[in-house]
Amino acid sequence: MTEAEIRAAIVAACRAMNATGLNQGMAGNISVRFGETMLITPTAIPYDQMRAHDIAALPLAGAAENAVGPRRPSSEWRFHRDLLRSREDIGAVVHVHAPHCTALSIARRGIPPCHYMVATFGGDDVRCARYETFGTAALSDAVQEAMLDRFACLMANHGMLTAGRDLEQAMWRATELEALARQYHLAQAAGGAVLLSPAEIRAAQDMFKGYLPA
Ligand SMILES: [Zn+2]
């Protein structure tokens, strides 16, 4: 994809995630790798007013003060940059305060192997990163730990994050993770989740090979 195509895709994804209720207000943010640069949503602008040229360009080797664009990058630029910098298998990161994921994060619970879709996030669970103040390097460290061998995590008393090789895959995972969080929550209310075994999750992972969208 060209830089212009990625910028347009980020704007479209932001509007879509607010329209579907995956995110609300200006809470979420999206980043996409473009060469040695990270294209990331700007801070403090409603998504319906955001245009492609508002997306900030931040060198992966740099920090917020090195960003180029008319607006400052999202206050959460650190965990986006650190994930794109450290994980070659990640090309895009989506962070939202989706209601069911956030509710579980407030209870400081990850998602256990309650459904075979857990396997699409890289392992047999989705961890909940420890609480740290938003926008800090400490939060980025907590996220990096929770994302070890994973493409998603919850963030304690905050929200969730998904990653993919491109924006389409990261957005697909964000929608699936919120659905999973809702299903787990309902199952707990219905009498308690019966969990899958490691072997059952591995079998699902084998089925998913070469089958994930995007
Ligand atoms: Zn947030």
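1. Terms of burial. A residue is called buried when its relative accessible area is under 20%, exposed when that area is over 50%, and partly exposed in between, with a 1.4 Å probe and protein chains only. By this scale Arg7, with a relative accessible area of 14%, is buried, whereas Glu3, at 30%, is partly exposed.

2. Basis of the note. The model is a predicted one, in which local features need pLDDT of at least 70 and side-chain atom pairs count only at pLDDT 80 or more, while totals for chains, interfaces and linings use all residues. Residues are numbered from 1 along each chain as its sequence is written, and side-chain values use heavy atoms, with hydrogens and water left out.

3. The sheet. Helices (H or I, at least four residues) and strands (E, at least two) are DSSP runs, numbered from the N terminus, and two strands count as paired if DSSP finds at least two bridges between them. Seven strands make up an open sheet of mixed pairing, in the order 3-2-1-4-7-6-5. Strand 3 (56-59) and strand 5 (128-129) stand at its edges with a single partner strand each, so one side of each has no neighbour in the sheet. Strand 5 and strand 6 run parallel and are joined by two bridges; Cys128 has Leu154 in strand 6 as its bridge partner.

4. Helices on the sheet. Contact here means heavy atoms within 4.5 Å; axes are lines fitted to C-alpha atoms, for helices over the stretch in contact, and angles run from 0 to 180 degrees between N-to-C directions. Helix 1 (residues 3-19) packs on the sheet and touches strand 1 (29-34), strand 2 (37-40), strand 3 and strand 4, its direction making about 160 degrees with that of strand 1. Helix 5 (residues 167-189) also packs on the sheet, where it touches strand 1, strand 4, strand 6 and strand 7; the angle between its direction and that of strand 7 is about 140 degrees.

5. The zinc site. Which atoms coordinate the zinc ion? The donors are the NE2 atoms of His95, His97 and His158, at 2.1 Å. Donors are N, O and S atoms within 2.8 Å of the metal (3.2 Å for Na, K and Ca); water is not among the atoms, so sites may look incomplete. The spacing of the donor residues in sequence is H-x1-H-x60-H. His95 is buried, at 0% relative accessibility, and His158 is buried at 11%.

6. Salt bridges. A salt bridge is a side-chain nitrogen of Lys or Arg within 4 Å of a carboxyl oxygen of Asp or Glu, and by this rule there are nine. One of them joins the side chains of Arg7 and Glu3 (3.0 Å, N to O); both residues lie in helix 1, four residues apart, about one turn of the helix.

7. Bridges between separate parts. Asp124 and Arg150 form a salt bridge whose closest N and O atoms are 3.8 Å apart. Asp124 lies in the loop between helix 3 (99-106) and strand 5, and Arg150 in the loop between helix 4 (137-146) and strand 6, so the pair ties together parts 26 residues apart in sequence. Asp124 is partly exposed at 32% relative accessibility, whereas Arg150 is buried at 8%. The side chains of Arg130 and Glu145 also meet in a salt bridge (3.0 Å, N to O). Because Arg130 lies in the loop between strand 5 and helix 4 and Glu145 in helix 4, this pair ties together parts 15 residues apart in sequence. Salt bridges with shared partners join Asp124, Asp125 and Arg150 into one network.

8. Cysteines. How many disulfides does the structure hold? With a disulfide defined as a pair of cysteine sulfur atoms within 2.5 Å, the count is zero. For Cys101 the nearest cysteine sulfur is that of Cys153, 10 Å away; Cys101 is buried, with a relative accessible area of 0%. For Cys114 the nearest is the sulfur of Cys101, 11 Å away.
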